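Subject: The structure we talked about

Hi there,

Here is the structure I promised to send over. Have a look at it first, and then read on for my notes.

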2 protein chains.
Amino acid sequence: MPDSSDSDSDVQVSDAIANVSDNLGVEYVISFRFDGADKQKVEAQFEKLIAALDGVGLRTEVRDGANGNVLVFVRVRSEQKLVGEVYRSRVKDWLHGVRSAAPDKETQRSLDKEPLTEAERLRIVWQLITLPDSEGGAGITPKQGQWDLVESVFPLHDHEFNKAWMKRWSTTWTIGPEELGKLRDRFGEKVAFYFAFLQSYLSFLIIAAAIGAGAFFLLPAYSLTFAITNCLWSVIFVEYWKRQEVDLAVRWGVRNVSSLQNRRAQFKHHKEIEDPITGEVVKFFPAWHRLARQALQIPFALGASCLLSALYACVFAIEIFLTEVYNGPFKAVLVFLPTVLLSVFVPVLTSVLTGIATKLTEFENYENQSGYEAAMTQKTFVFNFICSYVPLFLTAFVYVPFGNLIVPHLDVFNLTTPEITTESFLDDKPIDSFQINPDRLKKQVIYFTVTAQIVNLALETIVPFAKRKIFRKVKKYQNARNGVAKKASHDPPAEAAFLKRIRRESELEHYDVHTDLREMVMQFGYLTLFSPVWPLASVSFLINNWIELRSDAAKICVEMKRPVPHRADTIGPWLNNLGFLAWMGSISSAALIYLFSDSTNGTPHSLTLYGVLASIIFSEHIYFATAYAVRLAMSKLESPGLQQERRERFLVRRRFLQESLGVDEESEVKNEKVAFGKRAEGTSTEEEMFWDRQQGPRECVDAGKEIIRGVLEKKDQ
Amino acid sequence: MPDSSDSDSDVQVSDAIANVSDNLGVEYVISFRFDGADKQKVEAQFEKLIAALDGVGLRTEVRDGANGNVLVFVRVRSEQKLVGEVYRSRVKDWLHGVRSAAPDKETQRSLDKEPLTEAERLRIVWQLITLPDSEGGAGITPKQGQWDLVESVFPLHDHEFNKAWMKRWSTTWTIGPEELGKLRDRFGEKVAFYFAFLQSYLSFLIIAAAIGAGAFFLLPAYSLTFAITNCLWSVIFVEYWKRQEVDLAVRWGVRNVSSLQNRRAQFKHHKEIEDPITGEVVKFFPAWHRLARQALQIPFALGASCLLSALYACVFAIEIFLTEVYNGPFKAVLVFLPTVLLSVFVPVLTSVLTGIATKLTEFENYENQSGYEAAMTQKTFVFNFICSYVPLFLTAFVYVPFGNLIVPHLDVFNLTTPEITTESFLDDKPIDSFQINPDRLKKQVIYFTVTAQIVNLALETIVPFAKRKIFRKVKKYQNARNGVAKKASHDPPAEAAFLKRIRRESELEHYDVHTDLREMVMQFGYLTLFSPVWPLASVSFLINNWIELRSDAAKICVEMKRPVPHRADTIGPWLNNLGFLAWMGSISSAALIYLFSDSTNGTPHSLTLYGVLASIIFSEHIYFATAYAVRLAMSKLESPGLQQERRERFLVRRRFLQESLGVDEESEVKNEKVAFGKRAEGTSTEEEMFWDRQQGPRECVDAGKEIIRGVLEKKDQ
């Protein structure tokens, strides 16, 4: 019944259109910013843009962007073109092992079985726009090379979906797999993976918060029991997520998708070789070269760490000096100096280092975007790590144990000397008698785990909103002055509202999922590294993240351009960073417990260096053993996703086998005759004689019994 | 041309027969030992045996085994039966993902493409004999349950091949992949993997020996440079072998074969469930249960370690006391006491512990043999580790640093007190002035790495030979006395020589590849843990292993029954043990270097505990970083085997795709019509109006240019 299936699928395709009908069928908007450029160049590039889009079967409409840019609206010219592209993409997935089952041989039937999601649709169109010529795309790369005037290419928000989404999420406690599935169908796997991670983390935080609250109220400060439980929790979480990630990737049909990525436009090949697997000619850059270039990361990471740590150490020293030693003039003002220094120097240093990191990553010449992003993430993780944790490390492992030794030497400029001399008749050794501030560490931890989180949440939600408002006002004013008046009056009245919306969306920022992932991973780091100091941290995070999960969703809906639904099969390099932080946590916790556990007021008991070292070694090896055991235990329990994948693969093969079964039996019968006829020739007479001595099993049994009787009866005699 | 292909394959099958023609076509021999059992039981079991073999299509011949046993000779009844079984086995491999390509649909053509190796043939027949009823075998499990009189089931040596093999290997320097392939075709992958490992290890030892010799002659004793190089070498070797193993498994077509194993007869299921993947009903034992049972390993390993270590520590104390403190009567005799104590107690203790380990492993209830073997290996590795390395650890980390403190307290029975009093006028404090023996550690290392290796080699080659000779003599004498005369006279003259050979082979021992693997892994441990003490260890091992590789081959040919060619895709648990030893090496080397490096005569310089701990922490983390880097670097370089596998998979899929291409295009054309006809209905008028404003790309360009000019020209004015 091919007719009915065809019409069904058309209904389904039309449904997909109906879903975005609010967007008038627009799939992507290309913002072409000509403001300030040479007219001829602008016109040439614009003409080329339309031609390129037309060339790959995309239909375009042009409208005024009102702020010195042109908006090009894009959709596929025919549904059939799209269906063909979808099928081709699915076949490619299957060829490269992303799918276990081949799509149905008949294109249309394949679409019926696995309906086209909006994310897949948008991804396919995105590929048409951005893939290079050679791979069947228009090759448009925003802001790069010959497309420097193309400001951005973005899909349009589906406001009805967004509204419903916001409403659902703000009224439910947990985001289940079904919700994640919906999210994935709209925004693609990369974004869905972030929310899946956040939800898993949130669920685990409930346990952590219960443990933390219990420890805070029932156990002594710096409790060993709590530290161990906390480490165990972090290990289990990391291992759980590793499995969960694979499971989700399989369920979403994106496993191994990272191996099947489109080439970055900036990739420079050394030579063209034949792909050893597919036999196609591909651009090739030797792995050894990249490896050698990657080795540069090590000195870079070390250098960056030293620089940033040194900055923090200096500021820290100044801070301690000013708050706890210095008593001279302007103290009320000077105490703000460290904050000012950090706010000035850290951004400067980080941006310089980020610049170098970007150069390095470019130099490493990754073939695809996810490789590039992973390498960049790993480099910036170093800065993030230092900026987030070094202030606390300094307090815990330098200020507290060695404060009494170091602080007296901080006064390098002898600023306090007059005070000492004047006060020396009150107290003989005012500096030597300096007492470390026992609450400092706890206060700092509370600052980082509560105050900073709240500030951050506010910054993420309120500031961009305010920024956009102000930016729009300024722009309006500028445009008015420059004569680029808003051409709302020229808009066809029927489209006015729509175009206004699109102009707003074109001004929004791009959503980068890595920023949100980084925030969560760094937060996880506070838990693993410092929660023995203040066990309630997990409670704070639990509350924060419940809101974060929803506010991030709102952020995507309201403050960001709709993200292009890229695919991903992992949260990428952040997974390694999670593991690293869990490991560091085992070391840090051990050291903290050793340093502070006997003290009731935060001052450490008498220190022995080998004590610290021994407790670190001990704790770290316990960590390894535990991580190994947890991994082993989890590996024994097959995840439902993997099971499903194996089942699919098995069924595909069995079907193939059953199809070929008829042929097989036929040939077997034929062969039997031949084989029997020929067999005797091959055997030697000696062999024949050996095997013919007993004919059939009956004679064998008799011969055997004879031997047995011969021996046993002789014995009996 | 089905005719020619059929006859070809028959020739090939006949060739396979010709290869074992020396064995008169015998595939397996079953030794049925009835001596000492009840006659009725013997006859019943014998009859059942022949019937079971006959039932699965095996042909039997019975001969007298001469020493109270019956030899049952087994071969498949028809070649066609075998071919069918081979095809079924290959299809099963493919269904479970061991093969990437399905075997050719026509059975016979499939055999032509991939000729049947002797190992595969023997494996298939082995499965026919040993698989349970439900899986289509005769269910014969030697020495177990209802088959307690079946002493063994073994294939026959191919003496011509063995002779040629010995000759080739004794005249070549290295065993290349081709030789390993030949070995695999005869003895199966499990044995071939051992030799592949040994050859890889041997090749790496050349580098280690060069480094070691260089260090011994050029660098100072306990050189840091050497220790680092040595650790690096071991890390690279382990990572190299991990990859090599995967590569070999892919080349030999056995990747993932461990997931496709036949059930152990001793496996006890909890219930029968439907397999979630294949849908078949399978016997099921929950993974959680096994995991809980496996947890018992931890207290067992700890207990066993403590017991054995305590034994060694006691004997060590006695030894030190006797050799270096005691000076009383019978010293010449008493110095042998430690050796005697060890020779008595270690075997007793180990056998008791092995008994417990076996019980534990049985209790863990593994489904297949390799799981069982792996679990057993991991348990015995604990004993091996302690017996091999604890004596050296005691010398290095107890005797040398603390000797001066501990030794004076060793004299718990005050045996030396009289001597002290009598000698006290010569030396005031004879015990307190005790000096540790600086050469002790080096001497011990040399003993373990040279003497013990030579002794071991001799034990492996000469002792079994002598044992067999003596055993045969005794047997002959016993038989003569018991009246079970050798019935050589009853043998048909044509078969006499053959039967004599088989009787001999039936007396040989089973070859257990794990014993040989253990030997090599423990040897690797000496290198990683102690080679800074005496860098020439690697030279000794290089020489030893060159011989070992050949003597092990000879051992299999001469002193062992021919091994059943089982499949394997790894050296199994030994891989983890290698990694563990490399890790331990990083710790041990650091400690050794720290303790001994400044001393010229082997006595350590002044110790600080935190120094040792710090150097251990430092070294261990360097190890982690290096292992990570090496693993990363190796993962970037695709192994040829894996590449081949991916290529095969890709080609299979592409072929499938090309076959279905015709269907696809047809349906596409048909759909195009339908799609275009229906499309307009789905779109709203608003949408139509939006998209119809500009007709075609030309109008788009014009509209865009108008907007651009409007803005840019206004600006110019």
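How many helices and strands are there in chain A? Chain A has 24 helices and six strands. Please keep in mind throughout that this is a predicted model.

**Chain A as a whole**

Of the 717 residues in chain A, 35% are buried. Among the contacts in chain A with a separation of 6 or more, 78% are between residues 24 or more positions apart.

The chain is divided into four domains: domain 1 (2-156), domain 2 (177-637), domain 3 (641-675) and domain 4 (683-717). Where domain 2 of chain A meets domain 3 of chain A, five residues of domain 2 are in contact with four residues of domain 3. On the domain 2 side, the touching residues comprise three nonpolar and two charged ones, with no polar residue.

An unreviewed UniProt entry gives the annotation "domain: Anoctamin alpha-beta plait" to residues 25-150 of chain A. In the model, that stretch is 43% helix and 17% strand, and its end C-alpha atoms are 21 Å apart.

The unreviewed entry also carries the annotation "transmembrane region" for residues 191-215, 221-241, 300-322, 334-360, 381-402, 445-466, 574-596 and 608-630 of chain A. I can give you details for two of these spans. Residues 191-215 of chain A are 100% helix and 0% strand, with 35 Å between the end C-alpha atoms. Residues 445-466 of chain A are likewise 100% helix and 0% strand, and here the end C-alpha atoms lie 30 Å apart.

Helix α10 of chain A covers residues 297-325. Its 29 residues should span 42 Å at 1.5 Å a residue, and the end C-alpha atoms are 40 Å apart, which agrees. Buried in α10(A) are Ala304(A), Leu308(A), Tyr312(A), Val315(A), Phe316(A), Ile320(A) and Leu322(A). As a reminder, an α-helix has 3.6 residues a turn, so residues three or four places apart point the same way. The buried residues of α10(A) pack against α11 (331-334), α12 (337-364) and α13 (369-406) of chain A.

Lys331(A) sits in helix α11 of chain A. Is this lysine, Lys331(A), buried or exposed? Lys331(A) is exposed, because 11 other C-beta atoms lie within 10 Å, and a residue with 12 or fewer counts as exposed. Apart from neighbours within four places in sequence, Lys331(A) is in contact with Leu322(A) and Tyr326(A). Between Lys331(A) and Leu392(A), which are 61 residues apart in sequence, the C-alpha to C-alpha distance is 24 Å.

Strand β2 of chain A (residues 58-64) has seven of its seven residues buried, so the strand is largely enclosed by the rest of the structure. In a regular strand the side chains alternate between the two faces of the sheet. From β2(A), Leu58(A), Thr60(A), Val62(A) and Asp64(A) point one way, while Arg59(A), Glu61(A) and Arg63(A) point the other way, and all are buried.

The partner of β2(A) is strand β3 of chain A (residues 69-76), and the two pair in the antiparallel sense over seven bridges. Thr60(A), for example, has Val74(A) in β3(A) as its bridge partner. β2(A) and β3(A) form a hairpin with four residues between them, and Ala66(A) in the turn has a positive phi of about 75°.

**Some spots in chain B**

Chain B has a hairpin for you to look at too. Strands β5 (residues 271-274) and β6 (residues 281-284) of chain B pair in the antiparallel sense over four bridges, and Lys271(B) has Phe284(B) in β6(B) as its bridge partner. Six residues lie between these strands, and in this hairpin Gly279(B) takes a positive phi near 80°.

Most residues other than glycine have a negative phi. Which value does phi take in Lys143(B)? Lys143(B) is not a glycine, yet has a positive phi of about 65°. Lys143(B) is in the loop between α5 (118-130) and β4 (150-154) of chain B, and counts as exposed, with 11 C-beta neighbours inside 10 Å.

Asn365(B) also has a positive phi, near 60°. Asn365(B) lies in the loop between α12 (337-364) and α13 (369-406) of chain B and is partly exposed, with 18 other C-beta atoms within 10 Å.

Best wishes

Conventions:
Residues numbered from 1 in each chain as written. Chains lettered and ligands numbered in written order. Predicted model: local features only at pLDDT ≥ 70, side-chain atom pairs only at ≥ 80, totals over all residues. UniProt positions renumbered as here; feature names shortened; annotations may be inferred. Domains from an automatic or database assignment. Contact = placed C-beta atoms within 7 Å. Nonpolar A, V, L, I, M, F, W, Y, C, P; charged D, E, K, R; others polar. Expected span 1.5 Å × (residues − 1). Buried ≥ 20, exposed ≤ 12 C-beta atoms within 10 Å, placed from the backbone. Pairing = 2+ DSSP bridges.
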